[in-house]
Amino acid sequence: SDHMENIYGYLMKYTNLVTGWQYRFFVLNNDAGLLEYFVNEQSRHLKPRGTLQLAGAVISPSDEDSHTFTVNAASGEQYKLRATDAKERQHWVSRLQICTQHHTEAIGKNNPPLKSRSFSLASQGSANSPGVQRRPSQNAVSFFNVGHHRLPTGKRVPIMQPDHLVDVREMMSQAEGQQRDLIRSIECLPASGHLTSLDQDLLMLKATSMATMNCLNDCFHILQLQHASQQKGSLPAGTTISWLEPKISLANHFKNGAAQNFPAEINKPASVREEQSIAEPCQLTREPEEINPDEELEDVCDDKEDDLGAVEEQRSVILHLLSQLKLGMDLTRVVLPTFILEKRSLLEMYADFMSHPDLFVAITNGGTAEERMIRFVEYYLTSFHEGRKGAIAKKPYNPIIGETFHCSWRMPKSDVATDAATSSSAHSLSEQVTLSKDPEGQAEPDYYTVKFVAEQVSHHPPVSGFYAECVERKMCVNAHVWTKSKFLGMSIGVTMVGEGVLHLLEHGEEYTFSLPCAYARSILTVPWVELGGKVNINCAKTGYSASINFHTKPFYGGKLHRVTGEVKQNMTNTVVCRVQGEWNSVLEFTYSNGETKYVDLTKLSVTRKRVRPLEKQGPFESRRLWQHVTESLRDGDIDKATEHKRALEERQRNEERLRAETETPWCTKYFLKDGDGWVYHKPLWKTVSAAQTQQTDSN
């Protein structure tokens, strides 16, 4: 190949936390399939300081920046390297990948047939000989490339005897049984004392044994595939191969001991016993509760998620978790470790997207349909920045079924943008239908109130419904979201399936919208959030629509967090506004009249939400429900937070099992099923319609 030339040059190599990055002279030896490095170019004639076999290696450009990449050898050794610029990184990555592919395929062709290998684990050692000498033919490279074995043209390879696979399966079953006994023994340890089930060394032993068994299952699957390919065409009719499925459930085991209850009830904190003893939700009152905004107080919590300490300390646990995940794997049922959690529920995160209620209320004040669509797009794009708590990507609590969250915002009427030509008429229209519940005719308050309620309406799949309204301005938004998480290698992707509808009742308009996908990038270093995908906003009555693209950072060059969009009139296909910028920084709006408007999201004023004190909240309201987990995370006590989290999850599983046994359907509190979606039980459009009908009858 023209690209198989030897290349050399200086790269920065990451050594450790103390030494950091150091310049080293690297040489790619294509003939030998080696990546070697020296202290400098002058010492090239000496013995290399380090060497990596590239056969079976994985070359991975990092998404930290455009300069860094890693070389992961089949032996497990890793080089983290940094080029001077993106172009040089691309040059090294492409040459390394070509060399890796060439030598990987070469070893696959020259690998000895599996028949010549011994499958007897007993002959490799005994209980008295923990160190096992590995034969040369079983080195990491040849082992890795079993799945890449290619049959030379014209040669007949002896078919592996089926009893070999039977022997391996029996040994694997024995090993899995021993591994389960080990897990059970660890989880039966007490919660406190000299040696506990949450001991870090024991957790790592659990993680390592589990990862080893999963790896062996994958290898056995490769052997079966190879055996089947060798026998292709020679199997008797009706013969089937039963694949060995992994017998270790990730969702049930990776819980830092969560699969088992502690043996002694007395060892549990009172708060944990309280969490587990709350009655079955359907036995509590499921009648909707009217929340009085006057009982809510301005929120004083400010839990920014910028602390990487716990993530750094628990890196080995993250590595273990990643070792069990496969590309594209659905993470919905995977229980993630506690230390990567935010100190809030997903339901509260949806509320934080409403942190600019002045922009929300200002939508209906637009003088024309065009202006109202543009205002909605402006509000929509400014909502995501405040919805994130800090620069570090952490995961909010998974709401349990029946969990709710309530809050409200108050903003002075003078802070809400109006349209000079239509403000008086809009307010006079607002006064025609009075929804005030004040019987004494007191003076109208000088502020607007936006009320918010969210509920977890389904557990499998995980669906949340949320609703917000401003009664004074006769506008409300109703949405349902189904979160689907997938493992993407060094990233985690979350698809927000669902739809929202904004109702502007003064204008009789409905705006449908969707939500972008979210990605947690660089989950092994400093995790950060990126949004991606195309969303659409449509108003069928006015014929205006908006198309917004959240751009993920391209592999080569490009900016982070970029967003572009346009608003157009569908009938004439005329673009009336274009927007570009970063969704967490500065947005630029360019209008059809040539004017330009800049919105700096970092300087926008944030209205704090108002929340009832914990003592006035119901047992299934988010902050009260998760209060012990949140307090433990604030104190940095990960073990205690894990224990409280486990108690909630165990209670939810028990309740779900009880409902299944008694065939009792779940009954929601605030949202009703409507086709494929969920709708608030008492939406403003019904209230306004009823009030108008009543006023008409009285006249």
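1. Helices here are DSSP runs of H or I with at least four residues, numbered from the N terminus.

2. Please keep in mind that this is a predicted model, where local features need pLDDT of at least 70, side-chain atom pairs count only at pLDDT 80 or more, and totals for chains, interfaces and linings use all residues. Residues are numbered from 1 along each chain as its sequence is written, and side-chain values use heavy atoms, leaving out hydrogens and water.

3. Helix 14 (residues 627-635) packs with helix 15 (residues 638-662) at an angle of about 165 degrees, the axes lying 8 Å apart. The two are therefore roughly antiparallel (an angle over 145 degrees). From helix 14, His-628, Val-629, Ser-632 and Leu-633 make the contact, with partners on helix 15 including Ile-638, His-644 and Leu-648 (contact means heavy atoms within 4.5 Å).

4. In helix 14, the buried residues are Gln-627, His-628, Val-629, Thr-630, Ser-632 and Leu-633 (buried is under 20% relative accessible area, with a 1.4 Å probe and protein chains only).

5. Now to the largest nonpolar core, which has 62 residues; Phe-360, Leu-381, Phe-452, Ile-537 and Phe-550 touch the most other members. Such a core is a set of buried Ala, Val, Leu, Ile, Met, Phe, Trp, Tyr and Cys residues joined through side-chain atoms within 4.5 Å. Helix 11 (residues 369-387) gives this core its largest share, nine residues. Another core, of 20 residues, lies apart from it and includes Leu-11 and Trp-92.

6. Beyond its neighbours within four places in sequence, Phe-550 has contacts that include Tyr-380, Leu-381, Arg-562 and Trp-583.

Notes: Axes fitted to C-alpha atoms, helices over the stretch in contact; angles between N-to-C directions. Parallel < 35°, antiparallel > 145°, perpendicular 65-115°, else oblique. Buried < 20%, exposed > 50% of the residue type's maximum accessible area, 1.4 Å probe, protein only.
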